[in-house]
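Work through the exercises below with the sequence and the 3D view open. Try each task before you read its solution.

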Amino acid sequence: QVQLVESGGGLVQAGASLRLSCAASGLTDSSYAMGWFRQAPGKEREFVAAIRRSGDTTFYADSVKGRFTISRDSAKNTVALQMNSLKSEDTAVYYCAARLSSSYSYITYAYAGNYAYWGQGTQVTVSS
């Protein structure tokens, strides 16, 4: 059984940093790419960042590019999202997701429907 568990969310002031972590278990195939999505109240879930299975390529939404960094430790089956210079508009529930893929296409990683497994989410609140 695949399980993704996020941690690291919280309440911070604008300009601060947070580091989210996602621990994956049950992913028997090492070909999984990992992604982060977020959903704010009243809004649709949106893509934040993704990383290929090998970790050689990363993808970011324009709204977080230059502020957020995704990384993975395949040996530990974890993926992290370092979030710097947080803004009030970053407030949302952040979800970790996994998909089987070897693609280099940004579009495929940005589409939530392509991900097979999801975590329960962790709340990030940025006060202005």
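## Exercise 1: A charge over two rings

The charged end of Arg-45 sits over the ring of Tyr-95, 3.8 Å from its centre. The model is predicted: local features need pLDDT of at least 70, side-chain atom pairs count only at pLDDT 80 or more, and totals for chains, interfaces and linings use all residues. Residues are numbered from 1 along each chain as its sequence is written, and side-chain values use heavy atoms, with hydrogens and water left out.

**Task.** Find the ring of Trp-118 and state how far its centre is from the charged end of Arg-45.

**Solution.** 
Step 1. Recall the test. A charge sits over a ring if NZ of Lys or CZ of Arg is within 6 Å of the ring centre and within 35 degrees of the ring normal.
Step 2. Read the distance. The charged end of Arg-45 lies over the Trp-118 ring, 4.8 Å from the centre.

## Exercise 2: Aromatic pairs

**Task.** Classify the pair of Phe-59 and Tyr-106, then the pair of Phe-59 and Tyr-109.

**Solution.** 
Step 1. Know what to look up. A pair of aromatic rings is described by the distance of the centres and the angle of the planes.
Step 2. Know the cut-offs. Rings of Phe, Tyr and Trp (its six-membered ring) pair if their centres lie within 6.5 Å; planes under 30 degrees apart count as stacked, over 60 as edge-to-face and the rest as tilted.
Step 3. Count first. The whole structure has 8 aromatic pairs.
Step 4. Take Phe-59 and Tyr-106. Phe-59 belongs to strand E6 (residues 58–60) and Tyr-106 to helix H1 (residues 106–110), 47 residues apart. Helices (H or I, at least four residues) and strands (E, at least two) are DSSP runs, numbered from the N terminus.
Step 5. Check accessibility. Buried means under 20% relative accessible area, exposed over 50%, partly exposed in between (1.4 Å probe, protein chains only). Phe-59 is buried at 7%. Tyr-106 is partly exposed at 37%.
Step 6. Take Phe-59 and Tyr-109. This pair is stacked, with 4.5 Å centre to centre and 20° between the planes. Phe-59 is in strand E6 and Tyr-109 in helix H1, so the pair ties together parts 50 residues apart in sequence. Tyr-109 is buried, at 0% relative accessibility.
Step 7. Widen the view. Phe-37, Phe-47, Phe-59, Tyr-106, Tyr-109, Tyr-115 and Trp-118 form one aromatic cluster.

## Exercise 3: The disulfide

**Task.** Which cysteines are joined, and what is the handedness of the disulfide?

**Solution.** 
Step 1. Apply the definition: a disulfide is a pair of cysteine sulfur atoms within 2.5 Å. The structure holds 1.
Step 2. Name the partners. Cys-22 is joined to Cys-96, with 2.1 Å from S to S.
Step 3. Read the torsion. About the S-S bond of Cys-22 and Cys-96 it is about -80°, so the disulfide is left-handed.
Step 4. Cys-22 is in strand E3 (residues 18–25) and Cys-96 in strand E9 (residues 92–100), 74 residues apart.
Step 5. Check burial. Cys-22 is buried at 1% relative accessibility, and Cys-96 is buried at 0%.

## Exercise 4: The sheet

**Task.** In what order do the 4 strands of the open sheet lie?

**Solution.** 
Step 1. Two strands pair if DSSP finds at least two bridges between them.
Step 2. The order is E1-E3-E8-E7, with antiparallel pairing.
Step 3. Find the edges. Strands E1 (3–7) and E7 (68–73) each have a single partner strand, so one side of each is left without a neighbour in the sheet.
Step 4. Look at E1 and E3. They are joined by 5 bridges. Glu-6 has Cys-22 in E3 as its bridge partner.
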